[in-house]
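Thanks for passing this one along. Here are my notes, in numbered points, to read with the model open beside you.

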Amino acid sequence: MLRTLYAKLAVGLVILFVTIGLLYAIISTTATKYYLQEVNQSFNKGLARNLVADRNLVAEGRINQEALKETFHQYMVINPSIEIYLLDLDGKILAYSADPGKVKRNHVSLAPLMAFLEGSEEYPLLGDDPRSHDGQKAFSVTPVPTTDHPEGYLYVVLRGEEFDSVDKMIRESYFLRLSGWAVVVSLGLGLLVGLIVLRLLTRRLHRLSSLMADFHQSNFITHQPYLLEQNRPSDEVDRLGLTFDQMAAHIQDQLEQLKEQDSLRRKLVAQVSHDLRTPLASMLGYLESLELKGSEMAEAERREYTAIALRQARRLSKQVAELFELASLDARETQPHCEPFAAAELVQDVVQKYQLRAEQQQIKLGMNPPPALPFVYADIGLTERVLENLIENAFTHTTQGGSIHLQLKAEPDGVAIVVKDTGCGINPEDLPNIFDPFYQSAKKRTSGEHAGLGLAIAKRIMTLQKGDIRVESTPSSGTAFTFLLPLATTLMPVN
């Protein structure tokens, strides 16, 4: 039933107004009652003493019983709003002016009477009502026959039974009913205005909730902005709407990225399947030939078949190793363990490792004498892997008689290592994609060459090490890869 914020606020507002109305009625009734008692008692506090003096209730130092009876009779007729009681010194009721059948007490507590006689002005000061077992009313009291030699007390209840009857009648009169209706109408109008204000305040929340529901039902595809570009957030609701717009845009952007990644994943799986199937099929073919016709083949032919199968097996092993390495880097399972080291020494060691291959392929491999360089802060093993991948790539694209040169140079943000070859170069349209896994240029696709993962792995490693790698190439002239290692003084952790 109460499924909306507006409905809950409306019910809460109704309960609040009803509670306020009841509290107003209770407080106003109670306050009026005590106010009238206070005024009545303050105004008539000397009534009992005046009765004794004016009515000659004391004669020759004793209570005049005849005058007392006459006073009871006259006040029952002339002023029925009061009731007069004669008490002894213990508070026992000896005589009274009220209807005998309605007096229910025979004793009155003396504590409030003593407080009254001692001059307490904390009105209303309430005493026992003889017509009720537990009721109390405002009163006036005086000792009789004298204050010095009292024989009892004249106890005057200021709001007697007749007064209560008239008071009840007045409360039920037209004026009070009109006042009550005025309060009800005022609270009703206040409630109506409050509901309208709540509706205006919750209208934007309702709109925002509808936009969110529509966005969810559209499977996070269709998003209608809460705030237009010319609008500016004015309060918490508008800021919530702006946050929703930003969140929806972020979700849509992530969905697009997921779609692109899914498409790339499908292409990657297809490319991996092709690249793994080719050497595997070739290797199986040669091994099956050896199994079927090995006894009939010449020794040289068997060795050739075995060498080809072994070469394809190594190619397959390398591809699988690269694939696992790239997956580990993408999943952040491989984390760099950085330390300061001299980049020139690492480059010299790697160049030395490839000298034999360079001689076999008749390619000149060397490095320029490095200047005095500061230490870099990186993972030695991962940096060596980057160097190896770039040199391997250079060997792949450099023909016999070409050259591969490595150079180190200082830059403001670190030490740059350049691997430059004189190979076939890269077409400008292929440069933005060469670090993508399994990317093949048109030239490679037509030649059927394997699309390796070396450059993609190098890019991932440099990203993990907070470094950078870039490429410059001119078709038919060569390619230069440059990667930057941060300085040890700028990235070393502080102990």
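1. Ground rules. This is a predicted model, in which local features need pLDDT of at least 70 and side-chain atom pairs count only at pLDDT 80 or more, while totals for chains, interfaces and linings use all residues. Residues are numbered from 1 along each chain as its sequence is written, and side-chain values use heavy atoms, with hydrogens and water left out. Helices (H or I, at least four residues) and strands (E, at least two) are DSSP runs numbered from the N terminus.

2. Strands β11 (residues 403-411) and β12 (residues 414-421) run antiparallel and are joined by eight bridges; two strands count as paired if DSSP finds at least two bridges between them. Together β11 and β12 make a hairpin, with two residues between them.

3. Met-367 is placed opposite Leu-406 in β11.

4. Contact means heavy atoms within 4.5 Å.

5. The α9/α11 pair. Two packed helices are described by the angle between their axes and the distance between the axes. For helix α9 (residues 343-353) and helix α11 (residues 380-397), the angle is about 45 degrees and the axes are 10 Å apart. That makes α9 oblique to α11; angles under 35 degrees count as roughly parallel, over 145 as roughly antiparallel, 65 to 115 as roughly perpendicular and the rest as oblique. The crossing of α9 past α11 is right-handed, that is, the near helix is turned clockwise from the far one by less than a right angle. On the α9 side the contact is made by Leu-346, Val-347, Val-350 and Lys-353, and on the α11 side by Ile-380, Thr-383, Glu-384, Leu-387, Glu-388 and Ile-391. These contact residues divide into six nonpolar, one polar and three charged. Here Ala, Val, Leu, Ile, Met, Phe, Trp, Tyr, Cys and Pro count as nonpolar, Asp, Glu, Lys and Arg as charged, and the others, Gly among them, as polar.

6. The antiparallel sheet. Another five strands form an open sheet with antiparallel pairing, in the order β4-β3-β7-β6-β5. β4 (93-96) and β5 stand at the edges with a single partner strand each, so one side of each has no neighbour in the sheet. The twist here averages 40 degrees from one strand to the next. Three bridges pair β5 with strand β6 (residues 136-145) in the antiparallel sense, and the bridge partner of Asp-128 in β6 is Gln-136. Helix α2 (residues 47-54) packs on this sheet, touching β3 (83-88), β6 and β7 (150-157), with its direction at about 35 degrees to that of β6.

7. Backbone spots to check. Most residues other than glycine have a negative phi, and most peptide bonds are trans. Gln-362, in the loop between α10 (355-361) and β9, has a positive phi near 55 degrees. Gln-362 is partly exposed, at 48% relative accessible area (buried means under 20%, exposed over 50%, partly exposed in between, with a 1.4 Å probe and protein chains only). Ser-476, in the loop between β13 and β14, has a positive phi near 70 degrees and counts as exposed at 68% relative accessibility. Please look as well at the cis peptide bond joining Tyr-123 and Pro-124, where omega is about 0 degrees; Pro-124 sits in the loop between α4 (111-117) and β5 (126-128).

Definitions and conventions. Axes are lines fitted to C-alpha atoms, for helices over the stretch in contact, and angles run from 0 to 180 degrees between N-to-C directions.
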